[in-house]
Amino acid sequence: MELTCVAFDAPTGQSVRVMAECFADEFLNLGHTPEEVMDLFHSSEHRLAHRAWEELGEVAVYAMVKAVARRKQEIRERVLASRAARGV
């Protein structure tokens with residue numbers, strides 16, 4: 001397996017925020033808690049996540065992680081309700 005990266009322009013100036021949201025989404029998908037995801041952003045071992053934390057700040061990253069977690073929970077609840085309504 002070869003690690004590959006792609007550079008792109010960020011005309012909206014939101015690339016760091018989008019990258020941080022992707023990290024949060026991915027690690028929440030892997031089953032990590034919001035607190036564990038915040039630990040990832042705090043750790044200098046995870047360079048890009050840590051850079052996002054440095055640039056965006058603690059409050060912005062925490063709010064984003066919580067928002068992503070809340071959105072995922074809402075989706076789960078809707079899926080379960082839909083299944084229950086269909087008797088699945």
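Q: Why does arginine 17 count as partly exposed?
A: Its relative accessibility is 35%. Buried means under 20% relative accessible area, exposed over 50%, and partly exposed in between (1.4 Å probe, protein chains only). Arginine 17, at 35%, is therefore partly exposed.

Q: What kind of model is this, and which residues count?
A: It is a predicted model; local features need pLDDT of at least 70, side-chain atom pairs count only at pLDDT 80 or more, and totals for chains, interfaces and linings use all residues. Residues are numbered from 1 along each chain as its sequence is written, and side-chain values use heavy atoms, with hydrogens and water left out.

Q: What makes glutamate 21 and arginine 17 a salt bridge?
A: The closest N and O atoms are 2.9 Å apart. A salt bridge needs a side-chain nitrogen of Lys or Arg within 4 Å of a carboxyl oxygen of Asp or Glu. The pair therefore qualifies. Both residues sit in helix H1 (residues 15–29), four residues apart, so about one helical turn separates them. Helices here are DSSP runs (H or I, at least four residues), numbered from the N terminus. Glutamate 21, at 22% relative accessibility, is partly exposed.

Q: How many salt bridges does a search of the whole structure find?
A: The search finds four. Arg17, Glu21 and Arg71 are linked in a network of them.

Q: How do you know that lysine 72 and aspartate 25 meet in a salt bridge?
A: The N to O distance is 2.8 Å. Lysine 72 lies in helix H4 (residues 58–86) and aspartate 25 in helix H1, so the pair ties together parts 47 residues apart in sequence. Lysine 72 counts as buried, at 15% relative accessibility. Aspartate 25 is partly exposed, at 26%.

Q: Where do arginine 51 and glutamate 55 lie, and what separates them?
A: They lie in helix H3 (residues 47–56), four residues apart, which means about one helical turn. Arginine 51 is partly exposed at 41%, and glutamate 55 at 47%.

Q: Why is valine 68 called buried?
A: Its relative accessibility is 1%, and so valine 68 counts as buried. It belongs to helix H4. It touches Glu21, Ala24, Asp25 and Leu28, not counting residues up to four places away in sequence. Contact means heavy atoms within 4.5 Å.

Q: Which other residues of H4 are buried, and what covers them?
A: Among them are Val61, Met64, Val65, Ala69 and Lys72. The cover includes H1, H2 and H3.

Q: How does the reach of H4 compare with what is expected?
A: H4 has 29 residues and reaches 42 Å from its first C-alpha to its last, close to the 42 Å expected. The expected span is 1.5 Å times one less than the number of residues. Glycine 87 follows H4, with a positive phi near 75°.

Q: Which residues of H2 meet H4?
A: Pro34, Glu35, Val37, Met38, Phe41 and His42 do. Their partners in H4 include Val61, Tyr62 and Ala69. The axes of helix H2 (residues 34–42) and H4 come within 10 Å and cross at roughly 145°. Axes are lines fitted to C-alpha atoms, for helices over the stretch in contact, and angles run from 0 to 180 degrees between N-to-C directions.

Notes. Helices (H or I, at least four residues) and strands (E, at least two) are DSSP runs, numbered from the N terminus.
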